[in-house]
Amino acid sequence: MKPLIGGLCILLSISCEKETERISVDEPAQRVRDYIRKIPGENDPIPEALADRGEVLVAYSGCYDCHRREKRSKGPAFSDIAERYPVQEVYLDMLARKVITGGTGSWGSPVMTPHPHLKLEDAKIMVTYILSLKRQ
Ligand code: HEC
């Protein structure tokens, strides 16, 4: 009798482990996918010098008050933004305009303040840097 109960416990604990494993591994992945909502598309090459300039502009424009490179803060992580959008003129333009006008709703309910003093050209260079942070 005893070995049987022991065997049952082992079986139970294995299936329980599998269950918790499934929940802890798959579910957050699903949540991350729902958050990122990756848009499929080809990536245009980004000249390194342009990304470098964008990095400097971002550092001097107060973007790090709300954003961090790899982690969500008040705003989404730059690397998450990079995961969503393909590097294409249409997205660079749209995102640059969004930085200037500010807004909400793409990543949940927090609001990005407007940056009306930024030139569209500079905002685009900043966004180019942000999209260069795609995880390989
Ligand atoms: C006051 C906080 C704040 C500041 C300052 C800020 N952001 Fe944001 N940013 C946010 C929030 C919040 C979002 C998410 C908005 C949304 O869900 O639509 C966001 C979203 C973005 C996005 C993605 C937009 C989209 O529609 O996917 C980009 C790109 C971006 N920010 C770039 C910048 C840059 C560049 C700067 C500096 C010039 C900057 N942000 C400064 C809070 C901020």
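Me: What arrangement do the 6 donor atoms around the iron atom of the ligand make?
Reply: Octahedral, because the angles they subtend run from 88 to 179°. Six donors count as octahedral if opposite donors are over 155 degrees apart and all others between 65 and 115. This is a predicted model, where local features need pLDDT of at least 70, side-chain atom pairs count only at pLDDT 80 or more, and totals for chains, interfaces and linings use all residues. Residues are numbered from 1 along each chain as its sequence is written, and side-chain values use heavy atoms, with hydrogens and water left out.

Me: Which protein donors does the iron atom have?
Reply: His67 (NE2) and Met112 (SD), lying 2.0 to 2.2 Å from the iron atom. Donors are N, O and S atoms within 2.8 Å of the metal (3.2 Å for Na, K and Ca); water is not among the atoms, so sites may look incomplete.

Me: Where do His67 and Met112 lie?
Reply: His67 is in the loop between helix H2 (48-59) and helix H3 (78-84), and Met112 is in the loop between H4 and H5, so the pair ties together parts 45 residues apart in sequence. Helices are DSSP runs (H or I, at least four residues), numbered from the N terminus.

Me: Switching to oxygen atoms of the ligand. What lies 2.5 Å from one?
Reply: A polar side-chain atom of Tyr85.

Me: And which backbone atom lies 3.4 Å from an oxygen atom of the ligand?
Reply: A backbone N or O atom of Thr104. A polar backbone atom of Gly105 is 3.3 Å from a ligand oxygen atom.

Me: How many nonpolar, polar and charged residues are in the shell?
Reply: 14 nonpolar, 11 polar and 2 charged. Ala, Val, Leu, Ile, Met, Phe, Trp, Tyr, Cys and Pro count as nonpolar, Asp, Glu, Lys and Arg as charged, and the others, Gly among them, as polar.

How values were computed. Polar contact = N/O pair within 3.5 Å; in protein donor to acceptor, adjacent residues only side chain to side chain. Tetrahedral: all angles 85-135°; square planar, octahedral: opposite > 155°, others 65-115°. Helix = DSSP H or I, 4+ residues; strand = E, 2+ residues; numbered from the N terminus.
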